[in-house]
Amino acid sequence: MAERFDVVIVGAGPAGLSAGLVLARGGANVLILERGEYPGSKNVMGGVLYRHQLDELLPGFWREAPIERTIVEQNYWLMTPDSAVTFGYRTPRWADDPPNNFTVLRAKFDPWFAKKVEEAGATLITRTTVVDLIHDDRGRVVGVVAGRPEGEVYADVVILAEGVNNLLTQKAGLHDDWKMNEAALAVKEVIELPREKIEDRFGLEPGQGATVEMLGDATAGMLGMGFLYTNKESVSFGVGVLVKHLVYSGMNPNQLLERLKQHPKVRKLIEGGKVIEYSAKLIPEGGYKAIPRLFKDGLMVVGDAAGLTNAIHREGSNLAMTSGRIAGEVALEALAEGDSSSRVLCRYQQRLEETYVLKDLKKYNHANEFFDENPQFLRDYPELLSRVMREFFTVDSTPKWDKQAKIIRMVRQQRPLWRIAYDLYSMWRAIG
Ligand SMILES: Cc1cc2nc3c(=O)[nH]c(=O)nc-3n(C[C@H](O)[C@H](O)[C@H](O)COP(=O)(O)OP(=O)(O)OC[C@H]3O[C@@H](n4cnc5c(N)ncnc54)[C@H](O)[C@@H]3O)c2cc1C
């Protein structure tokens, strides 16, 4: 006889595990199916995990979770081939209790999170890929088909937390594949380095961490970012670029990564390190307009599968957790009311609209188009800023009034001041 659960969740990433935790605590009989050997084995993330959303689910989790470092410093580097204009912020307050964010390695963090969800009462089965959904004759989702003998599992509610490769969401008729301007392709290396070297090179106390996001020449002027995050005894180093730009440029992200390693500002930080892990993955970055419908009768879609990432703020895991939590809460209501039709499940989308998740995605809805149509921000402006800063910091015998006039002349030659004002105003309109 086929198995039956109250809720089946597909995927044991942050979205699926958050939903599973809420449901198990609420007394639901919940099954989580994960295709990886263990949770975290198939997941790629730069590695910054935000405290707030998980703290709501597991208060004080960081005191026992396998986190790498507590982040006390965050930086942006606007790069040219041989220079970087840097902007950042550091405070020891971020190391205080409660911290702001951490670096994690998902292969360690996810199994820990999954154990908490199992302890709450959820059933987790790994090495099991869900290959299809089961619909009843009214088109309502009533279960899933796992890719194993007698793999049919029935449930009142199915939650798809399958990540960016959302084949089941597509099968459910809620989404077409991501378009080239709706996703970035990212590659990441974990580079092993001794703990003391990391702390010396990044100026950190033991346990403290730093992040760097790299723009401009880091992606050869294409829309995307490089990143460098400190772990305990490794750094996570990667680069991601909008698929459309990669296709038109003919470059692949690995070429970009190798190129970025040679940058003088990066080279010394990773020198002598040994690459111990390499991974590649898509990141959904289409903003609010690219989000599929998030529910239908018997089904909800959460996390990356629903396109819930905020590339500008490098947030994804937190959006996944919030969407998973809310989907879990709505599923509990559906079970209590004995109605898992869209009439109840639509509350998931309605509630998500009221949170930072969809509010932020609405705010940046046109960010990709804007930077796509205005390549000067990642191509010309880093170069211009670099020249301005070089002139500003170079001490020669030029009186400062003359230096100032020279800088203004230099800027005007490259781009009229009215154009710069217009660019800044347009950017403010697009993402401000
Ligand atoms: C290079 C890179 C850097 C990033 N950096 C950050 C960062 O620093 N901070 C941040 O917050 N976010 C970051 N993100 C985004 C973040 O990783 C995602 O937003 C987050 O992992 C989404 O969680 P999820 O649970 O929705 O999906 P996932 O973590 O992708 O989990 C989906 C799970 O579903 C499983 N699965 C898929 N299909 C099936 C199936 N058919 N059957 C069974 N199991 C299935 C997968 O194996 C996987 O375990 C980054 C992403 C990338 C690619």
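Strands are taken here as DSSP runs of at least two residues, numbered from the N terminus, and two of them pair if DSSP finds at least two bridges between them. The model is a predicted one.

In the hairpin of E8 and E9, 5 residues lie between the strands, and Gly139 adopts a positive phi near 85°. Strand E8 (residues 130-135) and strand E9 (residues 141-146) run antiparallel and are joined by 5 bridges, with His135 standing opposite Val141 in E9.

Which residues come nearest to the ligand? Of the 37 residues around the ligand, these are Glu34, Gly46, Val48, Asp304 and Ser317.

| Residue | Protein atom | Distance to a ligand oxygen atom |
|---|---|---|
| Val44 | polar backbone atom | 3.3 Å |

The shell around the ligand draws at least three residues from domain 1 (3-68 + 105-178 + 287-363) and at least three from domain 2 (183-284). At least two residues of this shell are supplied by each of helix H1 (14-25), strand E3 (48-50), strand E15 (274-284) and helix H9 (317-337). By residue class, the shell divides into 16 nonpolar, 12 polar and 9 charged residues.

Conventions
Residues are numbered from 1 along each chain as its sequence is written. This is a predicted model: local features need pLDDT of at least 70, side-chain atom pairs count only at pLDDT 80 or more; totals for chains, interfaces and linings use all residues. Side-chain values use heavy atoms; hydrogens and water are left out. A residue is near a molecule or strand if one of its heavy atoms lies within 4 Å of it. A polar contact is a pair of N or O atoms within 3.5 Å; within protein, one must be able to donate a hydrogen and the other to accept it, and residues adjacent in sequence count only if both atoms are side-chain atoms. Helices (H or I, at least four residues) and strands (E, at least two) are DSSP runs, numbered from the N terminus. Ala, Val, Leu, Ile, Met, Phe, Trp, Tyr, Cys and Pro count as nonpolar, Asp, Glu, Lys and Arg as charged, and the others, Gly among them, as polar. Domain bounds come from an automatic or database domain assignment.
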